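Here's a quick briefing on charged side-chain pairs. Have the structure open while you read.

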Amino acid sequence: MLVVLALTLALRLVQAANAIASTKDDDDKCPPVFNCNLANFECKQFSACNEFTGQCECLDGFGGPDCSEPLCGGLQDGRNRPLRPSPEEPCDCEAGWGGINCNLCLEDSVCDSFVPGDLKGTCYQSGIIVNKFHQLCNVTNAKILQILNGDLPQVTFSCNKTAQACDFQFWIQEDESFYCGLSDCNLDYDLAANTTHYRCDEVSCKCLAGKTLCGKSGSIDISDFLVETIKGPADFSCSLEGQDCKFSEPSMNDLIQNVFGDPYITLHCQSGECLHKSEIPGFDIPHKRRHTLRDLEALAIAVVASGIIIIASVYGISKSPLFSRSPQSPTLGDDNGEDGTDGDSFLQTKNPVVFSFDSVSYEIDGKEVLQDSMGSVNPGECLAIMGGSGAGKTTLLDILSGKNKTGSKTANLYLDGEKLTTKKHLDSFSAISGFVDQEDCLIPTLTVYETVLNSALLRLPRDMSTASKKIRVLEILSELRILHIKDKVIGSDFERGISGGEKRRVSIACELVTSPSFLFLDEPTSGLDAFNAHNVIECLVKLARDFNRTIIFTIHQPRSNIVALFDKLILLADGYLVYSGQMGHCNQFFLDHGYKCPTGYNIADFLVDITTDERVISVLDHSEENDIHKVIESSDSLGENLSREWEHYAVHREEYQESPSSSKTKRKIHKLFTSSSLYEQLKSEIEHLHEQFSINGFKSLVNQERPKGATFVQQLLILCSRTFKNTYRNPRLLLSHYVLSITMGLFCSYLYYDVANDISGFQNRLGLFFFLLTMFGFSSLTGLHIFSIERIVFIRERANQYYHPLSYYLSKMICDVVPLRIFPPLLLMVIIYPLVGLNMDDGKFQRSLLIMVLFNLATSIEVFIIGIVFEEPGAATMVGVLVMLFSLLFAGLFINKESIPVQINWFQNLSVFHYGYEALTVNEVNGLMLREHKYGLDIQVPGAVILSTFGFDVGALNIDIISLAVMFGIFVILGYAALHTLVYERR
C-alpha cells in the first residue's frame, strides 16, 4: 500500500514539473495578468486598488483593467457598461444620458433607479452638488482653442460630497490627456448669489502617456510638471445663471499665464445629478394653500342660503291659521250660513236617526268576549254601557262605532232600521260619528284653542272659510265650558297644563267640530275626580238633549248624581247582556226579579255588584230580619224582604267575595233579562224599525258621501305648522342639536386646527371625518323618541280620519328631519372647514356639505323606520344602536375592504357609513400632495396613492354620493310603507 502511494506522489511531481516548464515556454506569448498590487501596474484616475482581488475600482464612467478607458451606455448600468470602441469613435449613450463617458443625465426618467422604492427621480442640472454630481465643460480660453487648431478641449469634473473629494479629467477631442484627484474639499454654494465655489486643498495630477500634452508626437509633455508642481489648493467656481466656470490652481495658473496669457482655465459647463426632487437645494414642499376670499364667500353663501331657507319656511308656516291669534270671545251665531252652513247652530244634529243593534258578539283566540248584545238609542239620548272589569264594555263600544278588531266579530247595526252591511255603509257611518278614547291623546305643547282648531282645519269641509271654522271652535269651547282656558297649553307629566277633566272635554271638543250625529266615548270619566267626572257627563247630556245628538259611552261605577243623567243603560256581565233599556226602568226591573237596591245605596255600585263574578244572591231568613250582620243562608226561593239581604251584602261585600259559601248556588243573571218582556219588547222594536225601512224606503243616510276635508296640500301645511309650533315651544331637542354642532365644531377645530398636508394630517382627516359621521349617526337616534311620543296621537287621528298618512309623514320629514338633520351639519361644516384648513378647491366644500346632508338624512330616516317598526322604545333603541354599529364596522376605518371575506363583501353595500366616509375622505384627500419623510427624504405622495393603500376607491366619489341619495330615497319609501301598513289602530 505504501509503495502505491509513493509511486502516485512521484507521478504527480513529474506532472507538476512538466507544467512549470511548459509555462516558462509560453511567457513570451501571453501578457502578464493585471494586478494593481504590483508596482508595475497602476490604477488610472487615482482609482482605488482592491488589495484582495488586485483589480482597480474605477470611477463612474471609466473602465478597463487600469480604469483608463471611458465607458458608454448609462450611469444607471453601474459597472456593466460597454467600453468605448476607440478615441476616434465617441460613445453612443443610452437615451437620457450624455457626455464623453455617458455620466451626464439629460432627462428625469433615467433617474428613477437612483431614488429608493417606487419614487420618481429628477435630473438636477443647475450645478450645485447635493450628493454626487457630474459635469462636462468646454474650455473657452481663446488662446488654448487657437493653439489646438480646432481640436475641442473639454473637462469632466465630478465631486462626492460625502467623501469631500472631486476628480478632474482634461480631454482633447474626447481623448483624455491628464487627470487630477482633489481631496479635502469644501463644497459651498450661495443660492442668493446663484454661485458655487468648490475649494480643494490637496491636488494630485498625472498624465496619460502618449496623449496630447503628455508626450504625444508633436506635442509638449507636461507630465513632470503635473506630478511635481501641481499640489493645490484648487478652486472650481461657477456662475449658475450662465453656467460659466473657472478652474484655478496656483501652479497651473502660472503655466496658463506663461503659455496662453490667461490667468486660469475658463469653462462653460453642463451639469447633471440624479436626485429626488425634495433634495434639490432650495426646494421647499409647497405649503398648504390658505383659504382665499373666494373660499370665505362660499362659506358665507352657505350660511346666507340656510338663513333664507329658514326665514322663508318660518314665514310660510306662520301664515297657517294655527299661528293666528285666537279671538278673545266668540260672537255666537256669527256663522250665518256662509260656506254651506245655515244660520242655526252647527251643533244641532242635521240628520237625527235611531241607532239600534242586535246579535253583537266577539271572539278572540277561542274566547268569547261578547255574546248577543243588543240595544237601541234615540236622538237626544245618552246611552251608558256599564259592567265590571272585563265585562266587555269597551269591546261593545268599539264594535258599535265601527272600529277594526283583531278578533272575530258579528253584529247587526241599524240606522233608522237600515242595516249597515257593506264597507261603504260603515265608512258613511264613521263620517257622521265621533270617537273619544279613554286616554287623552293630545299634543302637550299646543293650547286648548289650537288643539281643537287643528281638528277643525283638517276635518271640516274644505270649502268652508277659516273664519267660520274658528267660530265653530269657539262655540264648542263655550258649550263645553272650557272657553276661559282656550289659551292654556295642554301640558304633560313634565309640564303643568290643564286639569284632567279639562283635557277630557278638549278631546270631546276635537270630535264635535264635525258635528257628528253619534258620539262614542270610552270611559270619559276615567282618572277624573268626582267633580270633573260630573262636569264631563253633564256636558255630554247637554249636548245630546240640546242638539238632538246621540251619545254612547262606557263608564265604570259612576256616582249617583252622574247615573241620574243617563237616559238608557246597557249592563254587561262577563260579555253577557244583563240589561238594555231605559235607565229609569232599570231599578224596577231588578226589583221585580228580586234585586232591590238598598236605600241610600248607589244604584251603579248595586248594578256592578250583582254582575260581578255571576254572584249568588242569598235570600234573607224572615226570623233574622233585624240583624243585618247575620250571615244569610242560601235559599232557592226569593224572599219578600230582599232589601234586608242587600243591606247585609253592602256591609259584608268583601267577606262574601272571599267566602267559599258564595258559590253554593248560582243564578245566571243575564238570563233574567233575555227571558223578560223588556228583552222581547226591545227586540221587536229593532225588528219593526228594520221592517219599516224595508217597506217605506226612507232616504238612506249611510250612502251619503263624507264631506271632503282639507286638501292634501292644506293637510301638509297644517301639520307642518303644528309640528313647527310643537318644536319651538319645546325647543330642547332642537337647541341641543344646534348647540352640539357648534360646540363640537369648535372643539374639533381646536383639536385638528390647521391640519397639515402630511401622513399624520391624512390620519387626522380620517379621524375627523369618522368622528363627525359617528356623532351625527348616533344623534339621529333621537328620532326614535320623536315618533314614540306622537305614535298614539297619529294612531288616534288616523283612526278618526283627520288626514292622509302621507301628509303626516311628509310633515315629519319637513319639520322634524330638515331642521334637525340638514342645518346642524351645515353649521358644523361651516365652522370646521376654515379652522381645520380642509381642502376647498374645485367645489370640495360644497360637495362635503352635500355628502353630510345626504348621510344625515339617510341615517335619520333609517332610524325613523326602526322607530316605526319597533313600538317598544327599549327594543327600538337596541336595534337602532346595533344597526349603527353594524354600519360603522363596514365604514372603511376598522377593516380594509380588500380584507373583507368575499362571502360578506356585499354587507358594505348596506352601510350608510361606508358611502359617507369614503365620499368625505376621497373628496378631501384626492388631489392633495402629502409630505412624507421616507428613506431619509422629504417626499411628496399623491393623496390618491394613500387612499388606495387604505382601500378607498378614488374613482367612487360620485358613485358614493349617488348611493347616499338612492339610499335616502329608498328609506323614505320604506318609512312610509312601514307607517302606512304597521301603524294603525288595533283594538
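A quick definition to start: buried means under 20% relative accessible area. Keep in mind that this is a predicted model.

- Glu797 pairs up with Arg722 in a salt bridge, with the closest N and O atoms 2.7 Å apart.
- Glu797 sits in helix H22 (residues 782–799) and Arg722 in helix H19 (residues 712–729), so this pair ties together parts that are 75 residues apart in sequence.
- Arg722 has a relative accessibility of 3%, so it counts as buried.
- Glu797 is buried too, at 2% relative accessibility.
- Both belong to a network of salt bridges that links Arg459, Glu511, Arg722, Arg796 and Glu797.

**Asp440 with Arg504**
- Here the salt bridge has its closest N and O atoms 2.8 Å apart.
- Asp440 is in the loop between strand E21 (433–436) and helix H8 (448–459), while Arg504 is in helix H10 (residues 500–512), so the pair ties together parts that are 64 residues apart in sequence.
- Asp440 is partly exposed, with 24% relative accessible area, whereas Arg504 is buried at 4%.

**Lys542 with Asp546**
- The side chains of Lys542 and Asp546 meet in a salt bridge at 3.0 Å, N to O.
- Both residues lie in helix H11 (residues 530–547), four residues apart, or about one turn of the helix.
- Lys542 is partly exposed at 34% relative accessibility, and Asp546 is also partly exposed, at 39%.

Technical notes: Residues are numbered from 1 along each chain as its sequence is written. This is a predicted model: local features need pLDDT of at least 70, side-chain atom pairs count only at pLDDT 80 or more; totals for chains, interfaces and linings use all residues. Side-chain values use heavy atoms; hydrogens and water are left out. A salt bridge is a side-chain nitrogen of Lys or Arg within 4 Å of a carboxyl oxygen of Asp or Glu. Helices (H or I, at least four residues) and strands (E, at least two) are DSSP runs, numbered from the N terminus. Buried means under 20% relative accessible area, exposed over 50%, partly exposed in between (1.4 Å probe, protein chains only).
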